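Here are my notes on the model, as numbered points. Please read them with the coordinates open.

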Amino acid sequence: RGYSSHTFRQHLWDLGARPAIPPKINEAPVACPAPIYNNRNRVERLWARLKEWRAVATRYEKTAASFLGVLCLAATADWLRR
C-alpha cells in the first residue's frame, strides 16, 4: 500500500500493466480485484525465495544476460525443490 498513489497507478496503466495496488484507508476506493492481488502476493513470495540466493539479492553479475542466467538457475532450483 506504500505505492498507492494515483500518479503511480496511472504510470502503470500507461505502461500497459494493470495495477493491483489496494488503496490506503484514507483514500477513495479503486478497483483491485482479489484474484489479481492474490497473484501479486505469490510473485512477491517468489522474489523473497529467489533473494535467498546471494547472487540474486546483491546482483553480483555485471551484465543483464549473466544476471538472467543466475535468476533462471535460482528459479529452476526453487521449482525443483517444490
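1. Helices (H or I, at least four residues) and strands (E, at least two) are taken as DSSP runs, numbered from the N terminus. By that assignment W13 sits in helix α1, residues 6-15. W13 is partly exposed, at 48% relative accessibility. The classes are: buried under 20% relative accessible area, exposed over 50%, partly exposed in between, with a 1.4 Å probe and protein chains only. Setting aside neighbours within four places in sequence, W13 is in contact with R18 and P19. Contact means heavy atoms within 4.5 Å.

2. A word on provenance. This is a predicted model, in which local features need pLDDT of at least 70 and side-chain atom pairs count only at pLDDT 80 or more, while totals for chains, interfaces and linings use all residues. Residues are numbered from 1 along each chain as its sequence is written, and side-chain values use heavy atoms, with hydrogens and water left out.

3. Now the overall fold. The protein has four helices and zero strands. Its radius of gyration is 16 Å, well over the 12 Å that the globule rule gives for 82 residues, so the protein is more spread out than a compact globule. The radius is taken over C-alpha atoms, and the rule is 2.2 Å times the number of residues to the power 0.38. The C-alpha trace spans about 40 × 30 × 20 Å along its principal axes.

4. Of the 82 residues, 21% are buried. Among contacts with a separation of 6 or more, 15% join residues 24 or more positions apart. The accessible surface comes to about 6,500 Å², and carbon and sulfur atoms hold 59% of it. Areas come from the Shrake-Rupley method with a 1.4 Å probe; for residues, only the protein chains shown count as cover.

5. Which residues are linked in a network of salt bridges? They are R49, D78, R81 and R82. The structure holds three salt bridges. The criterion is a side-chain nitrogen of Lys or Arg within 4 Å of a carboxyl oxygen of Asp or Glu.

6. Take D78 and R49. Their closest N and O atoms are 3.0 Å apart. D78 lies in helix α4 (residues 64-81) and R49 in helix α2 (residues 34-50), so this pair ties together parts that are 29 residues apart in sequence. Both D78 and R49 are buried. For D78 the relative accessible area is 5%.

7. D78 also meets two other arginines. With R81 the N to O distance is 3.5 Å. D78 and R81 are three residues apart in helix α4, about one helical turn. With R82 the N to O distance is 3.6 Å.

8. The protein carries 14 positive and 6 negative charges, and their mean positions are 3 Å apart. Lys and Arg count as positive, Asp and Glu as negative; His and the chain ends are not counted. Each charge is placed at NZ of Lys, CZ of Arg, CG of Asp or CD of Glu.

9. One backbone angle to inspect is at R59. Its phi is near 50°, a positive value in a residue other than glycine. R59 is in the loop between α3 (54-58) and α4. The relative accessible area of R59 is 42%, hence partly exposed.
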